Amino acid sequence: IIARLHAVDPRRYVDRSNYTDPSMPEHPAATLLSHVSLRSAQVGSLFGVFVWGPLSWVRSGRTIPLFASAIPRAAGTFFLLGGLAGVGGVVGMAAGGKSPS
């Protein structure tokens, strides 16, 4: 399992001379993890803004301000949770030996 997790180690260095394209990153795992975490954090934030924020506002009996409190709190929380879930999914797939394709 440790050998499979080495593929997503952000410190793993790959020499650019091994690639045919010179624009490839020297640390491909760090690039992959940052891309996945950003994209899944964006999805989580959208879920917080359009689904969870209004639902929590309605559940509170509309006592808290929607745009000043409910939506920013939900968006921030789900931004963080989405990013962690994305990176956790990539690491879990690497531990299980599953290819992302």
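Modeller: Happy to! One term to begin with: a residue counts as buried when its relative accessible area is under 20%. Also keep in mind that this is a predicted model.

Biologist: What box do the C-alpha atoms fill?
Modeller: Roughly 60 × 30 × 20 Å, taken along the principal axes.

Biologist: Let's look at α3. How many residues does it have, and how far does it reach?
Modeller: Helix α3 covers residues 66–96, which is 31 residues. From first C-alpha to last it reaches 42 Å, close to the expected 45 Å. Just after α3 comes glycine 97, with a positive phi of about 80°.

Biologist: Which residues of α3 are buried?
Modeller: Among them are Leu66, Ile71, Phe78, Val90 and Ala94, and also the glycines Gly82, Gly83 and Gly86.

Biologist: What do those buried residues pack against?
Modeller: Against α1 (2–5) and α2 (28–59).

Biologist: New topic: aromatic rings. How many aromatic pairs are there?
Modeller: The count is 2. In one of the pairs, the ring centres of phenylalanine 47 and phenylalanine 78 are 5.1 Å apart and the planes meet at 75°, so that pair is edge-to-face. Angles over 60 degrees get that label.

Biologist: Where in the chain are those two phenylalanines?
Modeller: Phenylalanine 47 is in helix α2 and phenylalanine 78 is in helix α3, 31 residues apart, so the pair links distant parts of the chain.

Biologist: Are they buried or exposed?
Modeller: Phenylalanine 78 is buried, at 18% relative accessible area. Phenylalanine 47 is partly exposed, at 36%.

Biologist: Which residues form the aromatic cluster?
Modeller: Phe47, Trp52 and Phe78 form one cluster.

Biologist: Now tryptophan 57. What sits over its ring?
Modeller: The charged end of arginine 62 does, 5.2 Å from the ring centre. You'll find arginine 62 in the loop between α2 and α3.

Biologist: Is arginine 62 buried or exposed?
Modeller: Exposed, with a relative accessible area of 54%. Its phi is near 60°, a positive value in a residue other than glycine.

Biologist: Last one: how far apart are valine 58 and threonine 31?
Modeller: They are 27 residues apart in sequence and 39 Å apart in space, going C-alpha to C-alpha. Valine 58 is in helix α2 and is partly exposed, at 45% relative accessible area.

Biologist: And what share of the contacts comes from residues 24 or more positions apart?
Modeller: Those account for 48% of the contacts with a separation of 6 or more.

Methods. Residues are numbered from 1 along each chain as its sequence is written. This is a predicted model: local features need pLDDT of at least 70, side-chain atom pairs count only at pLDDT 80 or more; totals for chains, interfaces and linings use all residues. Side-chain values use heavy atoms; hydrogens and water are left out. Helices (H or I, at least four residues) and strands (E, at least two) are DSSP runs, numbered from the N terminus. The expected span of a helix is 1.5 Å times one less than its number of residues. Buried means under 20% relative accessible area, exposed over 50%, partly exposed in between (1.4 Å probe, protein chains only). Contact means heavy atoms within 4.5 Å. Rings of Phe, Tyr and Trp (its six-membered ring) pair if their centres lie within 6.5 Å; planes under 30 degrees apart count as stacked, over 60 as edge-to-face and the rest as tilted. A charge sits over a ring if NZ of Lys or CZ of Arg is within 6 Å of the ring centre and within 35 degrees of the ring normal.
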